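Dear colleague,

I am passing on the structure we spoke about, and my notes on it follow directly below. Please read them with the coordinates open beside you.

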Amino acid sequence: MAFEPPQRLVRALGETAPSGDDWLEKLPEVAQQAVDLRELTAERVQVPGGRSSLVVLVRRADGTPAVLKLAPRRARPESERAALAHWGGRGAVQLVEAAAGEGVLVLERLHPDVSVRSLPEAKALLEAAGALRRLWVEPPGDHAFETVAERTGRQAAAMRGSGAEVSSLVSAALDARDELLAAPPEQRLLHGTFRQSKVLAGDRVPWLAVGPDPVVGECAFDLARLVRDRVEDLIATPSGASTTRRRVKRLAESLDVDQERLRGWTLFRAVESGVRALRVGRPRDAELLLEFAGWL
């Protein structure tokens, strides 16, 4: 079969690809080699798929359904592999093939078209939060995962060059980061990019997380991305600001996270995403994210 990358993946990687990067051009050939080497039968490429990897629904040699995932080095697939191995299927998709190699993962097949976003909002937040809680474990003692301080340090450096129109929000976000990093309450292995669309229906348990970009730090950092889920719906309602503040309070209480720390990380992550959207030419996304950040 043809392993054509979905347009969503092409657009997303095009925003971040370094000069001379040819991963997308080589992807069909690499995917075919991965299938042949593992004696897999490819069924279809998952569309619209993700923004950092190609996902192919496959069957293993014994007929067991599985997922083949291929990601470029800058998406840190080996970090994802290490996190999934450490979680061992608890709260997250199960790693089927443990051997490392060239950004290729073979994973348990979930129901790729059914995420918690299909549920009513209140139920979706509850189920997503429950899945996230199971992931917050002690990292391995000899881990090489990036830390929250390291990741947000790179992001903060990029934010400092932003234009005057967002300078007040950027300043508030950077101040919040400095304060939060001064005394983190815990160090846990975090999903890193958690949101409702990252929680898929499974067979062995109802909901499992997928697609981590793991990082080690405090739990409030991980929860912050969930606060702004369905941001376009929040912006469209007159009560969006009050709903957001209630969501912060409810999620903090349900997961035993400090409310002010959650608010601070939500602010930082929303401003960072908004500034990045401006930088890569997505003004509508930037407008939504920065308006949301202003409510915090």
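In what follows, axes are lines fitted to C-alpha atoms, for helices over the stretch in contact, and angles run from 0 to 180 degrees between N-to-C directions. Helices (H or I, at least four residues) and strands (E, at least two) are DSSP runs, numbered from the N terminus. This is a predicted model, in which local features need pLDDT of at least 70 and side-chain atom pairs count only at pLDDT 80 or more, while totals for chains, interfaces and linings use all residues. Residues are numbered from 1 along each chain as its sequence is written, and side-chain values use heavy atoms, with hydrogens and water left out.

As to the overall fold, the protein has eleven helices and nine strands. Its radius of gyration (taken over C-alpha atoms) is 19 Å, close to the 19 Å that the globule rule (2.2 Å times the number of residues to the power 0.38) gives for 296 residues, so the protein is as compact as a globular protein of that length. The C-alpha trace spans about 55 × 40 × 40 Å along its principal axes. Of the 296 residues, 50% count as buried, where buried means under 20% relative accessible area, exposed over 50% and partly exposed in between (1.4 Å probe, protein chains only). Among contacts (heavy atoms within 4.5 Å) between residues at least 6 apart in sequence, 70% join residues at least 24 apart.

With helix H6 (residues 167-182), the axes come within 9 Å and cross at roughly 135°, which makes H6 oblique to H10; angles under 35 degrees count as roughly parallel, over 145 as roughly antiparallel, 65 to 115 as roughly perpendicular and the rest as oblique. The residues of this contact divide into 13 nonpolar, one polar and two charged, with Ala, Val, Leu, Ile, Met, Phe, Trp, Tyr, Cys and Pro counted as nonpolar, Asp, Glu, Lys and Arg as charged, and the others, Gly among them, as polar. On the H6 side they include Leu169, Arg177 and Leu181, and on the H10 side they include Arg261, Gly264 and Trp265.

With helix H11 (residues 283-294), the axis of H10 comes within 8 Å and crosses at roughly 155°, so that H10 is roughly antiparallel to H11. Among the residues making the contact are Thr266, Ser273 and Gly274 of H10 and Asp285, Leu289 and Phe292 of H11, and the whole set divides into eleven nonpolar, three polar and one charged.

Some backbone details deserve a check. Most residues other than glycine have a negative phi, and most peptide bonds are trans. Here, a cis peptide bond with omega of about 10° joins Val47 and Pro48, and Pro48 lies in the loop between strands E1 (41-45) and E2 (54-59). Glu39, in the loop between helix H2 (23-37) and E1, has a positive phi of about 55° and is exposed at 57% relative accessibility. Asp256, in the loop between helix H9 (240-254) and H10, likewise has a positive phi of about 55° and is exposed, at 67%.

Finally, which residues does Arg195 touch, leaving aside those up to four places away in sequence? They are Arg51, Arg225, Leu226 and Asp229. Arg195 lies in the loop between strands E6 (188-190) and E7 (199-201), and counts as buried at 16% relative accessibility.
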